[in-house]
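Hi there,

Here is the structure I promised to pass on. Have a look at it first, and then read on for my notes.

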Amino acid sequence: MGINKSLDVAVVGGLLLQALLFHLATSQSFIGVNYGTIADNLPPAASTASLLMSTSIGKLRLYEPQPELVAALAGSNISILLGVPNGDVPNLASSSSSAAASWAAANIPTDVHVSAISVGNELLNSGDPTLAPQLLPAMQNLQAALPAGSTTKALCGKYIYVCKHVQISTVHSMAVLASSDPPSSGAFHTDLAGSLDPVLDFLQQTGAPLMINPYPYFAYASDTRPDTLAFCLFQPNPGRVDAGSGLTYTNMFDAQLDAVRAALDAKGYGAVDVVIAETGWPYKGDADEVGATVDNARAYNGNLVAHLKAQVGTPRAPGKSVDTYLFALYDEDLKPGPVSERSFGLYQTDLTANYDIGIAKSGTTAAPANLTPPAPAQVMPQPSKGAMPTGFCETTAGVPGITQGQQVPQSSSCYVPAGAVSRRLDATTPQLIWLAVSLCMGMAVRK
């Protein structure tokens, strides 16, 4: 009897310790990357999997199912944000649930952690008005078609207490916002309410996040003043005061993110979390694409990663980290449009880095890139993207990935307040530690 009790205590203690490790691991695994496929020179799936596992990237966003790549990631700690192409939405939205069940059975892996499924990409701003009314039915049908318990085997693992639900959401461009300057004035377009409000209600009911694609790069492209560049790159700047909230913003990423949060609050959906599904900066562009340089791309992405790791949050939500997917893993050589569209990759398709942002596990961590902003060329704001007000956010849909039904997030180590500490190590952690240690001590005494 005593032996059995000791074994029981040992098992429970081990489970609590595993829960603690899981809690710590998931609390740090919030930096992801997008895997775009508009290219004819992508490396083999096994090579991509090895590259990802050599970095601190913990999440991978797929715009459509990629069975070979998912299989190559089996056994890794990398989770998947699985995308449903816009073209599949009408079929999933059909009255028959068999289509959604078939899609789920064919495309949701059981040996890799699927954190969420994105039904469509920037669908409400896709230019196809027939898709909007089909979005919610597709999301509802897919939710109902998920495996038992709405979980995947890999995510649940061996012990049910670490099992989390697969979340069903959809990705939006910043064009869903009618107002974002200042951030406290954030509001969704009223003409989208008929399609967007039911989706927001679904997200709130299911606990799934709103996914959004902000790109500070395009804000700078419309306002090429040096102080705007510094603001976009997380570099030293005077900051911008939000007259509505009294909060001071020191980078565009936080401003755009908080504008989305303000829009959610205004609709009564403040409990809905936000995930940055895309964000990035091109390292090369055409002659008239001001700011598309290696130094700026390194500064934005490197400082963003450092900002996220610092877990200082935003002025509106201090200490709250946000899952963020960088755009993109590779350059996509078949994308149409300006040179910048084909120059967002962190890596070349030969697996060499375009620049270092400190994510290699074996390499040294790159310091935040507080580069001196270069004097911008004297060019007029690009009419196609809209003039940028002298404030915070640009809300056009003209961002990377649009040709694939794709699209990008933000933060900085340059602006960690003195004495700031992470709030991510919350009360759950010490409680788990204390329980595990107490039970293990009890086990030792009983022996």
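Let me start inside the sheet: serine 118 has serine 169 in β5 as its bridge partner. That pair belongs to a parallel pairing of β4 with strand β5 (residues 167-173), which is made over four bridges. Strand β3 (residues 79-84) also runs parallel to β4, and five bridges join the two. Within β4, valine 119 is the residue that stands opposite valine 84. How many of the eight residues of strand β4 are buried? Eight of the eight in β4 (residues 114-121) are, so the strand is largely enclosed by the rest of the structure.

Before going further, please keep in mind that this is a predicted model. Its mean pLDDT is 80, with 71% of the residues at 70 or more. Over residues 150-163 the pLDDT is below 50, and the model gives this stretch 33 contacts beyond near neighbours in sequence. Residues 370-390 also stay under 50 in pLDDT, and there the model has 43 contacts beyond four places in sequence. I would read those contacts with the pLDDT values beside them.

Next comes helix α5 (residues 98-107), where Ala99, Ala100, Trp103 and Ala104 are buried. Looking down the axis of α5, you will find its buried residues within an arc of 135°, so they line one face of the helix. What do the buried residues of α5 pack against? Their partners are β3, β4, α4 (89-93) and α6 (132-145). Turned away from that buried side is a face of α5 that carries the exposed residues Ala105 and Ala106.

**Backbone points to check**

As background, most residues other than glycine have a negative phi, and most peptide bonds are trans.

- Glutamate 122 is not a glycine, yet has a positive phi of about 50°. Glutamate 122 sits in the loop between β4 and α6 and counts as buried because its relative accessibility is 2%, against a cut-off of under 20%.
- Glutamine 311 has a positive phi too, near 55°. Glutamine 311 is in the loop that lies between α12 (294-310) and β12, and is buried with a relative accessible area of 5%.
- The peptide bond that leads from aspartate 181 to proline 182 is cis, with omega near 0°. Proline 182 belongs to the loop between β6 (177-179) and β7 (187-188).
- Phenylalanine 327 and alanine 328 are joined by a cis peptide bond as well, with omega about 5°. Alanine 328 is in the loop between β12 (324-326) and α13 (428-446).

**Around tyrosine 249**

Tyrosine 249 is part of strand β10 (residues 248-249). Is tyrosine 249 buried or exposed? With a relative accessibility of 1%, tyrosine 249 counts as buried. The side chain of tyrosine 249 makes a polar contact of 2.7 Å with the side chain of aspartate 258. As for proline 182, tyrosine 249 is 67 residues from it in sequence, and the C-alpha to C-alpha separation is 9.9 Å.

Happy to talk any of this through once you have had a look.

Best wishes

Technical notes. Residues are numbered from 1 along each chain as its sequence is written. Side-chain values use heavy atoms; hydrogens and water are left out. Buried means under 20% relative accessible area, exposed over 50%, partly exposed in between (1.4 Å probe, protein chains only). A polar contact is a pair of N or O atoms within 3.5 Å; within protein, one must be able to donate a hydrogen and the other to accept it, and residues adjacent in sequence count only if both atoms are side-chain atoms. Two strands pair if DSSP finds at least two bridges between them. The arc is that of the directions from the helix axis to the C-beta atoms. Contact means heavy atoms within 4.5 Å. pLDDT is the predictor's confidence in each residue, from 0 to 100.
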